[in-house]
Amino acid sequence: MVALFFLYPLGYSAVSAFQDRGGAWTLANFAKAFELYRMDILFTLAIVLLSSLLVALLSVAIGGYLTLGGNRVAVTLLRWLYRWPLFIPFIVASQMMRSFLAKNGLMNNALIGAGIIEPLQAASLLDWRGVVVTFVWKQTPFVALMVAGAMASLDRSTIEAARDLGAGRLRILAEIVVPQVRPTLVVGLILSFVTMLSVMSVPMMINPNSPTMITVDMAYRINAHGDYGVANALGFVSYAMAGLVGWIYLRHGVRQGGGR
C-alpha cells in the first residue's frame, strides 16, 4: 500500500521533473521553474523558516508554563485552550484569519473600539504576515503538545533543586528544561516545517499577491497550462527543502549519539 500510494507517485513526479513532454531527459523544467518562480521559492523558504522559529518560541513558552506555572487556574485554562487549533483544518483557519486580519476585520474593529488605533490607521494583514500568523496559530498547538508531554515526563528533582538554589522560572526553563526536551522540539518543528511547506489553502486565500508560495504556483501550472513538468520541478524543490531539514536533523542526531 505504501509503495502503491506513496512511493510510486513520489518517484513518478520526481522523475517527471527531469523529462519533457516527449519523455526525453532534460533540465528545462528546472530552468523554467527558477526563471519564473525564483522569488516564490525564496519567499516560501523564508515564510516557513520564520513560522517555524515563532512556533518554537511559543511552544516552549506554552510547555514551560504548563510545567513550571504556579497559577493552577491559568495552567488549567491554558491546557484546555491551546489544543483547539489542532482540530481546525487549514482551509477553515484561512477563512477565519481572513475575517480576523482584514482591514475591516475583527482585530482592527477591536483595536478601534478599545481606542488603541484610529480608524484611518487600520491596515490589512492579508499578506505574508497573515500567512505567518495562520501557520503559527495552526502549528503551535501540535509542537506544544509534544514539548509539553516531554517536559511533563522530566525528572522534577533537578527542577526542584534549581528552585531551592534560587533559580527563576525563566532560567530553569532555558538552562534545565529546554536542553532536555530539545530532540522532541526538533522533531515537532521538522514535522511542522514539512506540513507548512505543503499547504496551499493558506497562501491562496490570505496572500493573493506576488510573491506567493510554490504550492500555489504548482496548482497554477497544472490548472492553467497543464504543465506537469514545471509543477513537478517545483515539487522536487519542495522535496529538497524538506530533505535538507531532515538531513540536518539526522546528522545532528548521529553526532549526539556518537558523543554518548
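Trainee: How many helices and how many strands does the protein have?
Mentor: This is a predicted model, in which local features need pLDDT of at least 70 and side-chain atom pairs count only at pLDDT 80 or more, while totals for chains, interfaces and linings use all residues. Residues are numbered from 1 along each chain as its sequence is written, and side-chain values use heavy atoms, with hydrogens and water left out. Helices (H or I, at least four residues) and strands (E, at least two) are DSSP runs, numbered from the N terminus. From the N terminus on, the elements run α-α-α-α-α-α-α-α-α-α-α, and the count is eleven helices and zero strands.

Trainee: What percentage of the residues of the protein count as buried?
Mentor: The C-alpha atoms fill a box of roughly 70 × 60 × 30 Å, taken along the principal axes. Buried means under 20% relative accessible area, exposed over 50%, and partly exposed in between (1.4 Å probe, protein chains only). Of the 260 residues, the buried ones make up 38%.

Trainee: How are α2 and α3 oriented to each other?
Mentor: Two packed helices are described by the angle between their axes and the distance between the axes. Axes are lines fitted to C-alpha atoms, for helices over the stretch in contact, and angles run from 0 to 180 degrees between N-to-C directions. Angles under 35 degrees count as roughly parallel, over 145 as roughly antiparallel, 65 to 115 as roughly perpendicular and the rest as oblique. The axes of α2 (residues 28–68) and α3 (residues 72–81) come within 9 Å and cross at roughly 140 degrees, so the pair is oblique.

Trainee: Which residues make the contact of α2 with α3?
Mentor: By class they divide into six nonpolar, no polar and one charged. Nonpolar covers Ala, Val, Leu, Ile, Met, Phe, Trp, Tyr, Cys and Pro; charged covers Asp, Glu, Lys and Arg; the others, Gly among them, are polar. The residues are Ile62, Tyr65 and Leu66 of α2 and Ala74, Val75, Leu78 and Arg79 of α3.

Trainee: What is the handedness of the crossing of α4 and α6?
Mentor: The axes of α4 (residues 90–101) and α6 (residues 128–152) come within 10 Å and cross at roughly 130 degrees. That pair is therefore oblique. A crossing is left-handed if the near helix is turned anticlockwise from the far one by less than a right angle, and right-handed if clockwise. For α4 and α6 the crossing is right-handed.

Trainee: How are α7 and α8 oriented to each other?
Mentor: The axes of α7 (residues 156–164) and α8 (residues 169–198) come within 11 Å. They cross at roughly 170 degrees, so the two helices are roughly antiparallel.

Trainee: Which residues of α8 take part in the contact with α7?
Mentor: The contact has five nonpolar, two polar and one charged residues. From α7 come Thr158, Ile159, Ala162 and Arg163. From α8 come Ile172, Ile176, Val177 and Gln180.

Trainee: Is Val202 buried or exposed?
Mentor: Val202 lies in α9 (residues 201–206). Leaving aside neighbours within four places in sequence, Val202 is in contact with Phe90, Ser94, Val131, Thr134, Phe135 and Asn207. Its relative accessibility is 0%, so Val202 counts as buried.

Trainee: Which residues does Ser52 touch, not counting those up to four places away in sequence?
Mentor: Ser52 has its place in α2. With a relative accessible area of 11%, Ser52 is buried. The residues touched are Leu189, Phe193 and Met196.

Trainee: What is the relative accessible area of Leu111?
Mentor: Leu111 is found in α5 (residues 106–113). Beyond neighbours within four places in sequence, Leu111 is in contact with Ile116 and Ile117. Leu111 is partly exposed, at 26%.

Note on methods
Contact means heavy atoms within 4.5 Å.
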